[in-house]
Amino acid sequence: MASADSTNEHGATAQILSDPLSGRKVIFAPSRTKRPGNFEARREPATPGEAGKCPFCEGREQETPPELFALGAANGREPDTAGWKVRVVPNLYPAFARQQVVVHTPTHTRSLADVSDEQLVLIAESWAEAAEHAWAQGFDHLLAAINEGKAAGATLPHSHSQLVWLEQAPPEVAAEVSRLQRDSCALCALLTDLDPALKLAERKLGDRTVSLAVAPTGRAPYELLIAPDDHQPDAFGSSELLGAALALAAEGVRRLNAVEGPSPFNAWLHNFQGDGHWHIELVPRLNTFAAIELGGGIFINTLLPEEAAARLREAPL
Ligand SMILES: [Zn+2]
Ligand SMILES: [Zn+2]
Ligand SMILES: [Zn+2]
């Protein structure tokens, strides 16, 4: 891992680390006064009557744009009626030519943490089905992302994901491609050399394993990384494994919530149409990115990954 030393005016040494996947610069600046509960942002609680007027809940299908497709529906179900398990609709306020919302559950579930493993596999299948539609229409990238909590940009509290169709990989993915090529893959190396103290959980499907770990060079406290141990570019080609990865993301959020209280977060899939190594990044939004992060591109993380992992591992679930 590339690093540069700099000595501050008190003689202490801060290391500027380079994230091996992205090249992003990160400094760990742990403060001993930081204890669980010291971060500011929290997930807002449910408002009275919230579920009673939620457009994503089953029975209010007419309040979204007409659905593109639904999964888990009974034979003979009419579109935009009740009786589905996962529903995909166009975004009502799209920023892109094609932007969709995947409603994760028919009932009013406020967090990925509370979505069942069975539903998470259906969500992965819906992402894969949308990807097929995107490829058929000449798009080259599907950005799948989850925002949870107002501090993370979510506008509706019912658990959902966003799917953005793009004509080429977005900059954050493009920046990783050269680092994640088979035979010289930084993510394969990261997983092989991972400090066991940072690994939180894994799931096995046949001979394949997907792992949940605290990101060794995360930009924010408790940043999580979820990836298959073997080098695979395309998550949409194996939606069961992607479902297992989403289940690990949900476990990570449950652990985070147990330590810090209900926490806002952003999560996204980095997927590759050519060579690459797919993974999910989950960034809790307990702190605020400020000028050094946004203007300098250097992320100051106040929680060491070993400390984050110890807290998350010991979380009472
Ligand atoms: Zn709802
Ligand atoms: Zn790899
Ligand atoms: Zn990535």
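Visitor: Is Asp-183 buried or exposed?
Guide: In this predicted model, Asp-183 is exposed, with a relative accessible area of 81%, and that residue sits in the loop between α2 (171-177) and α3 (186-192).

Visitor: What about phi of Asp-183?
Guide: Phi of Asp-183 is near 80°, which is a positive value in a residue other than glycine. Most residues other than glycine have a negative phi.

Visitor: And what is phi of Tyr-222?
Guide: For Tyr-222 the value of phi is near 70°, again positive in a residue other than glycine. Tyr-222 belongs to the loop between β10 (208-214) and β11 (224-228), and with a relative accessibility of 1% Tyr-222 counts as buried, whereas Asp-183 is exposed at 81%.

Visitor: Switching to salt bridges, how many does a search of the whole structure find?
Guide: The search finds 17 salt bridges in the whole structure. Among them, Arg-219 pairs with Glu-223, with the closest N and O atoms 3.0 Å apart.

Visitor: Why does Arg-219 count as buried?
Guide: Arg-219 counts as buried because its relative accessible area is 7%, and buried means under 20%.

Visitor: Which residue meets Arg-110 in a salt bridge?
Guide: The side chain of Arg-110 meets that of Glu-50, at 2.7 Å from N to O. This pair links distant parts of the chain, 60 residues apart, with Arg-110 in the loop between β6 (99-103) and α1 and Glu-50 in the loop between β3 (25-28) and β4 (69-71). Both Arg-110 and Glu-50 are buried.

Visitor: Which residues are linked in a network of salt bridges?
Guide: The network links Arg-42, Glu-260, Glu-307 and Arg-311. Arg-311 lies in helix α6 (residues 305-313) and Glu-260 in helix α4 (residues 239-260), so their pairing ties together parts that are 51 residues apart in sequence.

Visitor: Are those two buried or exposed?
Guide: Arg-311 is buried at a relative accessible area of 11%, and Glu-260 is buried at 4%.

Visitor: On to the surface, where do Glu residues gather in a patch of negative charge?
Guide: The patch of negative charge on the surface is made up of Glu-125, Glu-129, Glu-132 and Glu-240. Its largest share, 3 residues, comes from helix α1 (residues 117-136). Glu-132 lies in that helix and is exposed, with a relative accessible area of 53%.

Visitor: Back inside, which backbone oxygens does the side chain of His-277 reach?
Guide: A polar atom of the His-277 side chain lies 2.8 Å from the backbone oxygen of Pro-228, and the side chain of His-277 also reaches the backbone oxygen of Asp-230, at 3.3 Å. His-277 is found in the loop between β12 (265-270) and β13 (279-284), where His-277 is buried with a relative accessible area of 0%.

Visitor: Last one: how many Å apart in space are Ile-16 and Cys-57?
Guide: Ile-16 and Cys-57 are 46 Å apart from C-alpha to C-alpha, and their separation in sequence is 41 residues. Ile-16 is part of strand β2 (residues 13-18) and is partly exposed, with a relative accessible area of 25%.

Conventions. Residues are numbered from 1 along each chain as its sequence is written. Chains are lettered from A and ligands numbered from 1 in the order in which they are written. Side-chain values use heavy atoms; hydrogens and water are left out. Patches are made of residues with over 30% relative accessible area and no salt bridge: like charges are joined within 9 Å, nonpolar side chains (Val, Leu, Ile, Met, Phe, Trp, Tyr) within 5 Å. Accessible areas come from the Shrake-Rupley method with a 1.4 Å probe; for residues, only the protein chains shown count as cover. A salt bridge is a side-chain nitrogen of Lys or Arg within 4 Å of a carboxyl oxygen of Asp or Glu. Lys and Arg count as positive and Asp and Glu as negative; His and the chain ends are not counted. The place of a charge is taken as NZ of Lys, CZ of Arg, CG of Asp or CD of Glu. Helices (H or I, at least four residues) and strands (E, at least two) are DSSP runs, numbered from the N terminus. Buried means under 20% relative accessible area, exposed over 50%, partly exposed in between (1.4 Å probe, protein chains only). A polar contact is a pair of N or O atoms within 3.5 Å; within protein, one must be able to donate a hydrogen and the other to accept it, and residues adjacent in sequence count only if both atoms are side-chain atoms.
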